[in-house]
Amino acid sequence: MDVKVKFLGAAGTVTGSRFFLEIGSLRVLVDCGLFQGLKENRLRNWETFPIPPETIDIVLLTHAHIDHSGYLPKLVKEGYQGPIYLTEASLELVKILLLDAGKLQEEEAKFARKKGYSKHKNPQPLFTREDAEKVFPKLKPISFDQAVKINDQLSITAYNAGHILGAAILKLQIKGNNQEKSIVFSGDLGRTKDPILNPPAEIPFADVLFLETTYGNRVNESSGIDRKLGKVIRDTYYNGGVSLIPSFAVGRTQMILFYLHRLQQKGFIPQIPIYVDSPMAIDVTSLYKHFPEYHHLGPSLENSNANPFLHKNLHYYRDQESSISLNNIKNNAIIISASGMATGGRILHHLYNRLPNKEDSILFVGYQAEGTRGRRILEGEETCRIYGIDVPVKAKPVYIDGLSAHADQTELVDWCDNFISKPKFTFLIHGEPEAREELAGILKDKLNWNTISPLYMESFLLFSGI
């Protein structure tokens, strides 16, 4: 039996996680994400899927982020009929994220038609909410640390990856006629000392490893985050402005709420209102109470004084009218809204209204991919194009380092160092070229690992005649 892989995404770029495996006659897709960032990458979302969806047998998801799950509605729409395996928490998150993504796709297509800024005569969404709902019956939950037998040749086991609720490291155990082999997908690894989530599980062995490299060339110093975040918010407050935080609804918003609550409790920032303007973030936050085994907040969620997600200064805004009302606030407030890279969602109308205000601050609290609005604002562009209009950037953009949900270079190397023996191949994925190259050098020098940086649509024979 031969085992092959074809890289349909997250190869040469950070987004669009999709890996197609042929395990004998079994056809497996690991992750099914959307491309984000650069236009040349985003256009791949609209291309015909490289593998006929109806010929794929199963889909495995490492976690729920859109760059790992967001293509599922289109895959199903184009003919995929099999099961989709993911952890219990990921299942609930995928439902929330895909419905929101479908809604955004519909709204953006409608707005483009209304304003006429699309090159298409009648712009259509990539998929709709109805398409997203058709994915749900195919979702099959699995638990951490429990092997699930797919057939006589393949079993899968999910291990905690940290990163976000339900994120998994996936081990594929392959039984051939002559040998057994294991393939491990790191998924997106979380921080070793995350303030909320448990650290990634240590994996002792893999014949082939697929390793994320998002921060392969960076060390994120997580100490002093309170001080840095507090200073920007205090400065903005004394400047008579509003602190606007573009934040991912899953994981990042909850971490920001944790830090803001702690800062207010300690008196390091003023007791001003905190507005979470993201229906998706509200839904996601409620899941932390339902899945206590994924984090270590524990009893604090039962105590109104200690609960970072429920206190007197925190206000959740779900409907559009409430969201628009925030435009009237001139000072003494913190607004958190999605998306984290300012690629879509309610954050766009906040940026549209806040960017021209020199008193306001825009706090970026996570990685900004190449080609995104967030990246361009941070790089100092004087205008930002929103809704087809060039908006002047007068507000102060600030990057708060250390808040990423991704393992940094040190943590990635330490995680790899837990392997008892080195993998035959380690494919470096989900990272920009500089990050992959620097991490490859360290893994070679420190661990003597053989690493490969695959290209988009490149194929490899992993095992022959096993």
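**Strands S16 and S19.** I began with strand S16, residues 361–364, and found that it pairs with S19 in the parallel sense over four bridges. I keep in mind that this is a predicted model. As a reminder to myself, strands of a sheet pair through backbone hydrogen bonds, either parallel or antiparallel.

**The sheet around them.** I then asked which strands form the open sheet, and in what order. I read the order as S14-S13-S15-S12-S16-S19, which makes six strands with parallel pairing. At the edges I found S14 and strand S19 (396–399), each of which pairs on one side only. Leaving direction out of account, I noted that neighbouring strands of this sheet are turned against each other by 20 degrees on average.

**Helix H8.** I looked up how H8 is placed, and I saw that it lies across S13 and S14 and runs at about 120 degrees to S14.

**Helix H7.** I checked the length of helix H7, residues 252–266, against what its residue count predicts: at 1.5 Å a residue, its 15 residues should span 21 Å, and because the end C-alpha atoms are 21 Å apart, the two values agree. Next I asked how many residues of H7 are buried, and I found that twelve of the 15 are, so I wrote the helix down as mostly covered. Among the buried residues I listed Met255, Ile256, Leu257, Phe258 and Leu260, and I also noted Arg252, Gln254 and His261. I wanted to know what covers these residues of H7, and the cover includes helix H6 (225–238) and helix H8 (279–290), together with strand S12 (242–246), strand S13 (274–277), strand S14 (314–317) and strand S15 (333–337). Just after H7, I came to Gly267, which takes a positive phi of about 80 degrees.

**The whole protein.** Stepping back, I counted 13 helices and 22 strands in the protein. I compared its radius of gyration, 22 Å, with the value near 23 Å that a compact globule of 466 residues would have, and the two agree. Along the principal axes, the C-alpha atoms fill a box of roughly 70 × 50 × 40 Å. I noted that 58% of the 466 residues count as buried. Of the contacts with a separation of 6 or more, 74% come from residues 24 or more positions apart. Last, I recorded an accessible surface of about 19,000 Å², of which 49% belongs to carbon and sulfur atoms.

Notes: Residues numbered from 1 in each chain as written. Predicted model: local features only at pLDDT ≥ 70, side-chain atom pairs only at ≥ 80, totals over all residues. Heavy atoms only, no water. Helix = DSSP H or I, 4+ residues; strand = E, 2+ residues; numbered from the N terminus. Expected span 1.5 Å × (residues − 1). Buried < 20%, exposed > 50% of the residue type's maximum accessible area, 1.4 Å probe, protein only. Contact = heavy atoms within 4.5 Å. Pairing = 2+ DSSP bridges. Axes fitted to C-alpha atoms, helices over the stretch in contact; angles between N-to-C directions. Rg over C-alpha atoms; globule rule 2.2 N^0.38 Å. Areas by Shrake-Rupley, 256 points an atom, 1.4 Å probe, with all protein chains shown as cover.
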